[in-house]
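Hello! Here are a few friendly notes to read alongside the picture. Take the points one at a time and find each part as you go.

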Amino acid sequence: MNLIWIKRDFRTRDHEALSSALATGDDCLVVWIVEPSLVDHPEMSARHWQFTYHSWLEMKRRINEKGGSAELFYGEAIDVLNTLRPKRIFSHMEVGLEHTYKRDKKVKSWCSRNGIEWIEFRQQGVTRGRKSRKNWDAEWRSLMLAPKKNPEWVSAAWYKIDRPAGFDLPEPLE
């Protein structure tokens, strides 16, 4: 199963991770993981979580309209991924907080140990872990001028999950 890990990008158009996963022809599951350690992070607020939750609900509605599968899990990323055991993970390369950078390094290590391919897509000019700005402008220009990647919904295969227990939100984010 291909797992499309939604981090901060709740669009259903121009979404390279979603488009690439669906294009494989393998069963796909869209997942948003609400991580307790991120909910409690000092740079996050209730307003932030309410906005992202409602963005998720809209994304889930659109995916469901297309016959797709989209699930929210409350738990730390590695715990959720360890339970779901995907064949591949597709996501955007998240930039911003040191907390999420450290989490992603742990997830990368976990994927390597478990033989799971993780494919990350850049969606902005910033690249994590970059040691030099050499060729940055040419790479940025290439990224910004690349054609949009819209999902091919008609040919999508969807993974229907028996939802594991223990990953529900403790309270709504209304």
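1. Start with helix α1 (residues 16-23), whose buried residues are A17, L18, S19, A21 and L22. Buried here means under 20% relative accessible area, with a 1.4 Å probe and protein chains only. Helices are DSSP runs of H or I with at least four residues, strands are runs of E with at least two, and both are numbered from the N terminus.

2. Please keep in mind that this is a predicted model, where local features need pLDDT of at least 70 and side-chain atom pairs count only at pLDDT 80 or more, while totals for chains, interfaces and linings use all residues. Residues are numbered from 1 along each chain as its sequence is written, and side-chain values use heavy atoms, leaving out hydrogens and water.

3. What do the buried residues of α1 pack against? Their partners are β1 (2-6), β2 (27-34), β4, β5 and β6 (157-158). After α1 comes G25, with a positive phi near 85 degrees.

4. Now look at strands β4 (residues 88-92) and β5 (residues 117-121), which pair in the parallel sense over five bridges; pairing requires at least two DSSP bridges between two strands.

5. Stepping back, the protein has six helices and six strands. From the N terminus on, their order is β-α-β-α-α-β-α-β-α-β-α-β.

6. Finally, the C-alpha trace spans about 45 × 40 × 35 Å along its principal axes. Buried residues account for 43% of the 174 residues in the protein.

Technical notes:
Buried means under 20% relative accessible area, exposed over 50%, partly exposed in between (1.4 Å probe, protein chains only). Contact means heavy atoms within 4.5 Å.
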